[in-house]
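Let us walk through this structure one part at a time. Keep the sequence and the 3D view at hand.

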Amino acid sequence: MRFSEQLEAKFNQLISAFPPGRERAALVPMLLYAQDEVGHLTPEVIQEIAGRLRVPVHEVDEVVSYYSMLTRKPRGRYHIQICTNISCMLLGAEQLLEHAKQRLGIDCGEVTPDGRFSLEEVECIGACCWGPAIQVNYDYHHWMTPEKLDRLLEELRKAQ
Amino acid sequence: MSPRLYNEPSPLEVKILTRRFGLPNSQSIDTYLATGGYEAFRKALEMTPEEIIEEVKASNLRGRGGAGFPTGMKWGFVPRESPLPKYVVVNADEGEPGTCKDRLLMEHDPHQLLEGMLIAARAVGAERGYIYIRGEYRYLIEILDRAIGEAYERGFLGDNILGTGMRFHVYTHSGAGSYECGEESALLESLEGKRGVPRIRPPFPATAGLFQCPTVLNNVETFCAIPAIIRDGGKAFAALGTPRNGGTRLFCISGHVNRPGVYELPMGFNLLRMIHEVAGGVRDGRKLKAVIPGGSSCPVLKAEECDLPMDFDSVAQAGSMLGSGGVVVMDETTDMVRVAVRIAKFYQHESCGWCVPCREGTTWLRHLLTRIDQGIAKPSELDLVVEICNNMLGRTFCPLGDAAAMPIRSFVMKFREEFEARLRRPMVAVPDPDSLVVS
Amino acid sequence: MSKLVTLTIDGKQIQVPAGTLVINAAKQAGIEIPSFCYYDGLSLQGACRMCLVEVERVPKLMTACTLPVAEGMVVRTNTPQVIEARKAMLEFLLTNHPLDCPVCDKGGECELQDMAFRYGAGEGRFVEFKYHVPEKQWSPVVYYDAPRCILCYRCVRICDEGLGVNALGVVNRGVRSEIAPNRGDHLECDECGMCIDICPVGALTSGTYRYQTRPWEMSHVGTICTFCADGCKTTLGVRNGIIIRANNRDRSGINDEFLCIKGRFAFDFVHHPERLTRPLIRTLSGFREASWAEAIELVAERFEQARQQGGRIGLIGSTRTTNEENYFLQKLLRQGLGSNHIDHRQSGDLVSLLMATRGREGALATTADLYHASGILILGADLSQQHPLLAFQIRANYRHHRARVYVVTRGPVREDQIAARSLRVAPGQELEALESLRTELQGLPDLVVLYGDSIKGSAVARLVQWCDSLAIAVRYVCLLDDANSRGALDMGLVPDWLPGYRSLDQMNLQPGLCWEEMLESEELEVLWVVGANPLRRRHLKRRPWLVVQELFLTETAQQADVVLPAASAYEKRGTFTSVCGELQQLQPAAQVPGAKTDLEIASLIALQLGLELGPADPDELLGEIHRTVDGYNVDLPLVAAGAAVPTGPYPDVAAVAVRVDKIRSREDTLFTAGSLGQRSQVLTSVREAPGSLYRG
C-alpha cells in the first residue's frame, strides 16, 4: 500500500526522529496522519503500518482502539467536533451540540447521508477561554453560537 | 507569522513568558533574536550543568502541568553520569479542562520553548528532545516544525550547536486523543508507540523515562520559564512570586466572566482580583457562585472561599489545588449538578482502564450522578457519591482517579442542597438506559 | 546471596533478601496480602489495588506487589484503613461483574468469590446497569466472556512472558477495555490453555470443560502427563471415572502450573468411543471378541512354544508404559522366555552420553537446572514444539535471571526470541557450528546443553569432548520423545543393555534384534507388541504370530492374531521417568471397563506360563527396581508423596555399540503425538493442527 508523497515523507520524518531500533515509537502519529489522508483506519492501513514498523497487527489494534481521535469507521468530509466540557458548557455548548444534531439530522458518531458531515461530542480541546469552541477537522472555531454554526455549515456545504 | 491575540492583555499582567505575545512575527526567529532570544542559552553554554540546575532551583519554579513539583529538583534527579542517552520531553498534551495556555505559548513564541529545551538539554546532557503535542493541536505542530527548522538554520539545533560541539535535535510528536497521556509516564508509553497507560513508579522518568533512559519531562510552560530564569537569574524570577512559588504563571480564566482569557500574573495573585480586575468581573453583573481554581480536577471553591492568593500552597491550604492554571468561574445561575455530571462523564471517558478503582469508580460515579441529575435517586445516595470518591482517593494507579474523585466529592459536599433539591423535584422522565451508555 | 533486610509486618519482625517485594515478604511471614494482578514470576502491574497496605511514614496506602522491602520498614496489613480499601476494591470489581456465579464454570473455585467472601462487604450498593458484551469463542478450547473479566492481565502476561506467544492484548479503554486475541476474532497460538488456567475468574473458559460440571463434583487425581517426555504433573478432574479436565493449579510438580495443549486437553483420547474393551482373537472371518481367560490362555500357549524353540519371541515395547511395566516385560522376556529381542522406538541417544561422561557426578541436568543455569545451548531441536515445558523453563530463566541462550537448529525456533545467538545449520552439522560460540560460552559459569536426535553415536562423544574443552561446568539433556522414553532406556527395554545400563554379559546374553530387525526377521515365531504401532509405516516381512496390547485398533493391532485391550497411563499406577531423569508417580484417574494395564496383562501371561518372576504389583516392583536397577536407588517415600525425584547416576554403564541409524525422533509438534494424538478430538480440531517444526 502506498500513501501520498507528502505522507511518505512525513512517515520517514516520524520514524527517523527515533534512535535505530525504536521505530515503533512513530506508531501513534503515523496512524493519525494516515487516517487524515485515507479518512479512517482501514484494515489495510493498519496492516501496512504494522508491517512497516514490524509491530504485530493485533498490537496496532490495541493502540488504535485506545486513542479517541483514531477511528476505524469512516467519518464525514467535515468532522464537526463540539466541545461540551465545563468551560464551554458554561457558555452553552450543550445547546450548541443539540442545535448541530438538529441541523445535521444526525447524532454523535453518525455521518450525514451525503458523507459531508459527521458529528462528535468531544472533551476539552484547549479553547476554554474562547468557548464555546468547536473543531472542524483540525480547524478551531471559537465563540460559537447556533447562528455562527449555521453559517459555518452553510459554507462547508458549498465548499468544493 | 503574526498570530492574533485571543484576548486583550490586562494591565495587571506581568509579562515574562508572554512578553512577545502580540509582537509582529512573534513566531519567527528574527523577532525572537531581536528581543533577547537565545541569549539565555548562550549564557547557559558558559555555565556548568550544576550551575544551570542551581539557578533553576533558586527560581522556585514549580511544574506548571499541575502537580507543582520543583523543577530544579526534578532536573537534579537525572543521573548525568549514566552511560544511557538522555532525553528532554515536553509535555504539550494540554488536556485539563479549563486549560489553554500551552497552546498560546507554542503559537505565539515557539522559540522560547525551544530555548527552554536547549537549556535543559545542556543541563542534563541530552541529545534528543521531543515535544509531545496533543493530536488536536495540529496547527501548532506546523508552527513548531517551522521554528525548529529556523533553529537548525541558525545553528541553535544540530550536531555542532553554535560551534560548541553540543548536539541536540528536537522533534514534534503528535498524540491522538487521550487525556491520560498528560500523565508523564503514560505520555512516555504513548511516545513509545503504545497505549497511553501509566507506568509503575518508581522508577521516575528522571532515571528511567523514554526507552527506559534518563529523561527530563516538563510541561510547556515550565520549559518556557527557563530562558527568563537563566537570563535574569533564578532569584529575580523567584522574587516575582511568593515564597516557594517562584515567578509568574499563565492563568486561563474561563466561564462566566466578562473578559475570559489567558493572563500572565505573578504567583500568589489574589483570585477575586483575578476575576474582578483582570477578567472584568462576573458577566452580566451576576453574583459569583464558585470557582474551579486549577482545571477540572481541582476541588471547587465556593465564592466565599475565593479571597486567596493563587499559589500552590495557599490553594492547597484552602482545600483545592492550583493545578494547571485553569480558573473556571461559575456565576449564580450555574447548575452545579450538571457541572458535576459533566466532570464525571469526562473522567469516565478518559480513564484508561488499567486499574480497578479508577475504571470502575469513574463509571459508577458517572451513572450515579446522571441518575441524581435525573431526579431518580435516594437522598442517601449522595453519601454514596462521597464514599465512592473516598474509596478512589489515593488508591488508584495514577492521579487520574484522584482527579475525578476530588472535584466530584467537593461539588456534592459543598453544594449538597442543590443535589438534594434535584431529588425532591418530580421525576421528569424515565431515563433511557442508552442515554447512559458512553459512546 | 543478596543482603538481608529487616522489616516489620503486622508487628512481626522478619528478614528477607533485599529486593523482595512486600507482598512476598508477608507471605514468608505467614501473612496473606490479597491480590489479583500480582502473579509470581510475571511482570508487575499494580492494577487491581487489592494489595494496598499501610507503610509507616508514607501518607498513602502502597501496593505491596510493587513495593520492595527496605531496612526498618514497618508495614501494616490489618488496619481499618487497609480493610476498608480491600472492601472498596472488591465493591468496585463487582460493579461490572455479572453475578452469574450459579452458572459460571469458575463458581466454587473463583478467586473473586473467595476474596469477596474473605475481604468483601456483606452487601452491595451498586444499582446501576452493567455493561454487557456477548461472549466470544476464540478457538475450540478458549472462550472469553468480557463482562466477567476483571482485567488483571494475567492471561496477557502468561501468554507473552511465559509462552513467548504474545497472542493476547488489551483493546479499547476505560470500562470498555477487554482482552483481545491476536487474530481479531480468533486465536492463533499454542492453544495451551494457560490463559484459561491462570484466569482468576470465569472470564476465560475451556471449550472442553465449560458447563460440564461443578468443580466440587470432581475428585482430583495428580498424575503425570502421558504425552511428551517432559514429565509435567497434571491434576485430572474426574467424575464417575471420566476425566473432565486437567490442570495443575496447585503448582505441584516440576512444571509448576505449566501444561501444553496435550497435557491440558488431549486426555480426551481416554474416553474415545473406539477404545478397545474386550480381547479380540483373529478368526478366518476377522476378529471375534473373547474372554480374558481364553485370550491369555491362547497367548501363553504360543509364548510357551516360542520359549521351547529357544526364545523365538520378540517384544516391541512402549514409550508410554511405566517403568514397572517395562521392567517386568524385559524380565519376563529375558528370564522367563529366554529371549533378548527386546526393543522400543528410540528417539535420542542417551547411552552414548552416559558412556562419554562415565564416572562423572551431575553430568545430567534436571528440569530445575534449566531454570537456574546461566547458559543454555539448544542443539537440533524445536524446543517450544517438542518440549514445551523445557522451553517454558528456559524462557523463565531468561526472564528472571537473564540466562544466555544459544540456539543451533536447522530452522527458526521460538527460542530465537530470547537467544543471545542463533545459528542455522543442517541437521548433523551442529557440532561444526559450535566453534563460533566458543568465546561466549567460555565466559559462562555453567551451561546446560540440550541435544536432539541429530546428535548421536560418536557425535555425542565429540560434543562432550568439545564442551570439556570449554573448561566450564556443563550438564546435558538428551532429548527424547515420549512420557517414558527415558524409563524405557533405563529399564533396559532394548536389545543392547540390561536395566541400569548394565552389560548384557551379566546375564550372558548376546545383543538381540532391534525392532526393525524383528519386523524383518525370518526366525521369530511370536511378536509381542505392547503399546507401539510399528506397522503404521512398515510391513512384516514374514508374518509371525502377533500379539498386540493396545488402546485402539491401530495399524499394528489390525494385523494381530490376538489383541488385548490395554489401559492408558491415566488408568494406572506406576512411575515414569522424565527426559531430565526425574522419577514420578502415576495415579489411576479414569476407569475404562474391560481394559487392563500392561502390567496386569503381562503378569497374567506369566502366571499362565507358570513363571516365577516375583511380584507384579506396581509398588512392589518399584521396590525391586529401587534395589536392583542402577540410578533408581532414590528416596521412594518422596516419590510416593508425589515429588519428582532425580534418578542416576549409573555407575556401571556398559560399553555398547550404539545402533545410530535406529535412533530417530518422531518430531511431534505441539499438536501431534503419534497414534495417541490422532484419537484426541481436541488435538485434531484446533486450527493450528498439525503444525510444523522450525517455523519460529
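The contact between chain A and chain C draws on nine residues from chain A and 10 residues from chain C. This is a predicted model.

How is the size of such a contact expressed? The accessible area lost when the parts come together is often used. Here the area buried between chain A and chain C is about 700 Å². Carbon and sulfur atoms give 46% of that area. On the side of chain A that touches chain C, three residues are nonpolar, three are polar and three are charged.

Now the specific pairings. Which count does the salt-bridge rule give across the interface of chain A and chain C? The rule finds zero salt bridges there. Polar contacts do occur: five residue pairs between chain A and chain C are in polar contact, both residues at pLDDT 80 or more.

Next, look within chain A. Chain A is divided into domain 1, residues 5–64, and domain 2, residues 78–158. The C-alpha centres of domain 1 and domain 2 of chain A lie 29 Å apart.

Last, the cysteines. A disulfide is a covalent bond between the sulfur atoms of two cysteines. Over all chains the count is zero disulfides. Take B:Cys352: its nearest cysteine sulfur belongs to B:Cys398, 6.2 Å away, and B:Cys352 is in no disulfide. B:Cys352 is buried, with a relative accessible area of 8%.

B:Cys355 is in no disulfide either. The sulfur of B:Cys358 is the nearest cysteine sulfur to it, at 5.2 Å. B:Cys355 also counts as buried, at 5% relative accessibility.

Key. Residues are numbered from 1 along each chain as its sequence is written. Chains are lettered from A and ligands numbered from 1 in the order in which they are written. This is a predicted model: local features need pLDDT of at least 70, side-chain atom pairs count only at pLDDT 80 or more; totals for chains, interfaces and linings use all residues. Side-chain values use heavy atoms; hydrogens and water are left out. Contact means heavy atoms within 4.5 Å. Buried area is the accessible area (1.4 Å probe) that two parts lose on being put together, summed over both. A salt bridge is a side-chain nitrogen of Lys or Arg within 4 Å of a carboxyl oxygen of Asp or Glu. A polar contact is a pair of N or O atoms within 3.5 Å; within protein, one must be able to donate a hydrogen and the other to accept it, and residues adjacent in sequence count only if both atoms are side-chain atoms. Ala, Val, Leu, Ile, Met, Phe, Trp, Tyr, Cys and Pro count as nonpolar, Asp, Glu, Lys and Arg as charged, and the others, Gly among them, as polar. Domain bounds come from an automatic or database domain assignment. A disulfide is a pair of cysteine sulfur atoms within 2.5 Å. Buried means under 20% relative accessible area, exposed over 50%, partly exposed in between (1.4 Å probe, protein chains only).
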